[in-house]
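Here is my note on the model, point by point. Please read it with the structure open.

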Amino acid sequence: MSVQTQSSSLGRTLYQMTWPMIFGVFSLMSYQLVDAAYIGQLGVDPLAAFGFTLPMQQLIIGFQVGIGIATTALISRARGAGERERAQRLGGLVVLSGAGLILLLALLIWRLQVPLVSAMGAGDAVLPQIARYWGPWLLSAWIGAMLYFGYSVCRSHEDTRLPGLMMVVTSLINLLLDPIFIFVFEWGLPGAAWATSASFGIGALVVYRRLWARGWLAFDLAPQPALAAMRQLSGIAGPAMISQLMPALSALLATTLVARFGDEAVAAWGVGARLEFFSIVAVLALTMSLPPLVGRLMGEGRREQVQELVWLAVRFVLLWQLAVALLWLFGSGLLSGLLTGDALVADTLQAYLWRVPLSYGPLGVCMIMVSVCNALGLPMRALGIAVSRLFVCYLPALWLGARLAGLDGLFTGALLGNVAAGALAWLLYRRALRVLEPPQPGPTSA
């Protein structure tokens, strides 16, 4: 097969695996925004109680995504090596261990809910709302984690259509049930969590039935192989969990810097951050669809095809995100006016849109390199890229830009920090490939 034919085949496979995830990720983001809109109609205290769940939700998501990354890396490489039974046992091990870990975490959060929300600044008026909401919400978080583990097993077998479809379906079910549970049944804030639990539960029933029918799960776990697999799983999942929690810490520190310029600056930064999530939907989908392919190719020993696939994804991200950035740039005036009625916030948001979106391409490259290094079985290299992006490139550039040129300088710092992070991530990935190359035989003596 020629190089051009191989590249075309890899590109077609990557496209077929990515487009369902784009729709799935977009639908999840949309339902979360609408969820918040429904809760906002209940008043300030319910909305505040909902807001106090976000840091804990990020914590749970960090754990489940870390386990999901390890799942994709291990199962896809086992499949590439032709170890079908091991791939099945890994699927069962992930589901059982993930269920236990997230359950323990949820129970710990439930037990410590009052100290946690008090430390975050919750007032006495919010505590009764939290007491009513956090039980159903933690249940929905656990069911959601179980559904995510099912998605991870599917992606490990290069099936992204079922996860993408179920993300859309569960989002639509949640949107339909939200007003019924919240307003018709008069369950208020807990009704939102019950709606999410019901939608995720339906999704989990469908996904796990498919997994079992396809023979992708096995629960006959022998003690010694299970312990060895757990060590492999934790070796990848641990650093991946930490890397998933880094953005939350970075967002907190970045917001603290922006807050020095006033409430209008924070409002514009918050709107810009939400636009960023929608702008990089394709990148988020690629971080889910690319690792299984990389893992399988590595398991088959096809290192050159791995490099070609990654380079193909990088080129797409840079071109696609440049197009998105130009769209925001030319539409910045209209978009700013639509998203806020405050003139000062609109002007600040327009300044943001003139600069920061131009860096979404390098940011996407950085995110892809983290996913690829995890798929290559190099979780510490992936963690190094994530930490370097935030604490070597991005946050220092924000601080320096703010010191030199105020708020506009901070936005420019975000642009330059993301560009530097993308370049550094690519360099670290290239070095990782050299680490994986088998040693060349030396000259033999006569």
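**Notes on helix packing, cysteines and one serine**

1. Helix 11 and helix 12 are roughly antiparallel to each other, a label for angles over 145 degrees. Their angle is about 170 degrees, and the axes lie 9 Å apart. Axes are lines fitted to C-alpha atoms over the stretch in contact, and angles run from 0 to 180 degrees between N-to-C directions. Helices are DSSP runs (H or I, at least four residues), numbered from the N terminus.

2. This is a predicted model: local features need pLDDT of at least 70, side-chain atom pairs count only at pLDDT 80 or more, and totals for chains, interfaces and linings use all residues. Residues are numbered from 1 along each chain as its sequence is written, and side-chain values use heavy atoms, with hydrogens and water left out.

3. Which residues meet? On helix 11 they include L286, L290 and L293; on helix 12, among them, are L309, F316 and W320. Contact means heavy atoms within 4.5 Å. The residues of this contact divide into 15 nonpolar, two polar and one charged. Nonpolar means Ala, Val, Leu, Ile, Met, Phe, Trp, Tyr, Cys and Pro; charged means Asp, Glu, Lys and Arg; the others, Gly among them, are polar.

4. The whole structure has zero disulfides (cysteine sulfur pairs within 2.5 Å). For C366, the nearest cysteine sulfur is that of C393, 7.8 Å away. C366 is buried at 4% relative accessible area, because buried means under 20% (1.4 Å probe, protein chains only). C154 is buried too, at 0%.

5. S371 lies in helix 15 (residues 360-375). S371 is buried, at 14% relative accessibility. Leaving aside residues up to four places away in sequence, S371 touches T287 and P291.

Key: Buried < 20%, exposed > 50% of the residue type's maximum accessible area, 1.4 Å probe, protein only. Helix = DSSP H or I, 4+ residues; strand = E, 2+ residues; numbered from the N terminus. Parallel < 35°, antiparallel > 145°, perpendicular 65-115°, else oblique.
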